[in-house]
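Biologist: I have a model open and want to learn how to read it. Can we go from the overall fold down to single residues?

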Amino acid sequence: MAQDMTLFWGSGSPPCWRVMIALEEKELQGYNQKLLSFEKMEHKSQEVLEINPRGQLPSYKHGDIIVNESYAACFYLESQFKSRGNKLIPDSPAEQAVMYQRMFEGLTFYEKLNAVIYYNWYVPEGERHDSALKRNREALAAELKLWEGYLQKLGLGTYLAGPFFSLADVTVFPTIATVFRFGLSAERYPKLAEYYAQLKERPSIKASWPPHWLENPEGQDALKDI
């Protein structure tokens, strides 16, 4: 089953990590995988472009079926392997509603994070402005306060959609892990820090932890003042 799957991925990429967590949760270890380097532009290689004309990671194939968008791949895996591994969509309509809401809010969270930590990557040198970066940082701070508030309401030891781990956690945890990788203050955001500490010990997350984070656990401090 997993032997029919191929994943091209990049270390530390939240979209790639989402799919890898989902594969672990559905007990689909043993899939074909290839770690590629963004710095070397390997995601634009011919073998990636053959299944993903956008030249982006992740690129995922199951037999002849191609699903490259990370959210779509996560939904596909849960849909195709419902009875395998851990159930990732709750039965309760109320919990489902929260799960879908948090999942898609998670895309906004990820965009606002990227607008800060990769500002110099996305914006050409001649077009960079301190005022623009300041606005981006303020937008990220407001976003972080929203997520801190969501977790505050849920209480200690819960997940993003309620008492059970779901696709909301699969898709949003990599973004939360990244903000702490880039130096977010655990004291300033204690509920996010508790959630991060709880989930980073989950087997699916430990098994898919970015290898270059393991090699260099220190991270960066770009978000220490947010």
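**Reading the fold**

Modeller: Start with the element count. The chain holds 10 helices and four strands. Keep in mind that this is a predicted model.

Biologist: In what order do the elements of the chain run from the N terminus?

Modeller: They run β-α-β-α-β-β-α-α-α-α-α-α-α-α. The radius of gyration is 18 Å, close to the 17 Å that the globule rule gives for 226 residues, so the chain is as compact as a globular protein of that length.

Biologist: What box do the C-alpha atoms fill?

Modeller: Along the principal axes, roughly 50 × 45 × 30 Å.

Biologist: What share of the residues is buried?

Modeller: Buried here means under 20% relative accessible area. By that cut-off, 49% of the 226 residues in the chain are buried.

Biologist: And the contacts? What part of them links residues 24 or more positions apart?

Modeller: Count contacts with a separation of 6 or more. Of these, 72% join residues 24 or more positions apart.

Biologist: Now the surface. How much of the accessible surface belongs to carbon and sulfur atoms?

Modeller: The chain exposes about 11,600 Å² of accessible surface, and carbon and sulfur atoms account for 51% of that. For charge, compare the two sets of side chains. There are 25 positive and 29 negative ones, and the centres of the sets lie 3 Å apart.

Biologist: Which residues does UniProt assign to a domain?

Modeller: The unreviewed UniProt entry places "domain: GST N-terminal" at residues 3-85. In the model, that stretch is 33% helix and 18% strand. Its end C-alpha atoms are 17 Å apart.

Biologist: Finally, a single residue. Where is leucine 49 placed?

Modeller: Leucine 49 sits in helix α2, residues 46-49.

Biologist: What does leucine 49 contact beyond its neighbours within four places in sequence?

Modeller: Lys44 and Gly55. For a sense of scale, take glycine 162, which is 113 residues away along the chain. The C-alpha atoms of leucine 49 and glycine 162 are separated by 39 Å.

Conventions:
Residues numbered from 1 in each chain as written. Predicted model: local features only at pLDDT ≥ 70, side-chain atom pairs only at ≥ 80, totals over all residues. Heavy atoms only, no water. Helix = DSSP H or I, 4+ residues; strand = E, 2+ residues; numbered from the N terminus. Rg over C-alpha atoms; globule rule 2.2 N^0.38 Å. Buried < 20%, exposed > 50% of the residue type's maximum accessible area, 1.4 Å probe, protein only. Contact = heavy atoms within 4.5 Å. Areas by Shrake-Rupley, 256 points an atom, 1.4 Å probe, with all protein chains shown as cover. Lys, Arg positive; Asp, Glu negative; His and termini not counted. Charge placed at Lys NZ, Arg CZ, Asp CG, Glu CD. UniProt positions renumbered as here; feature names shortened; annotations may be inferred.
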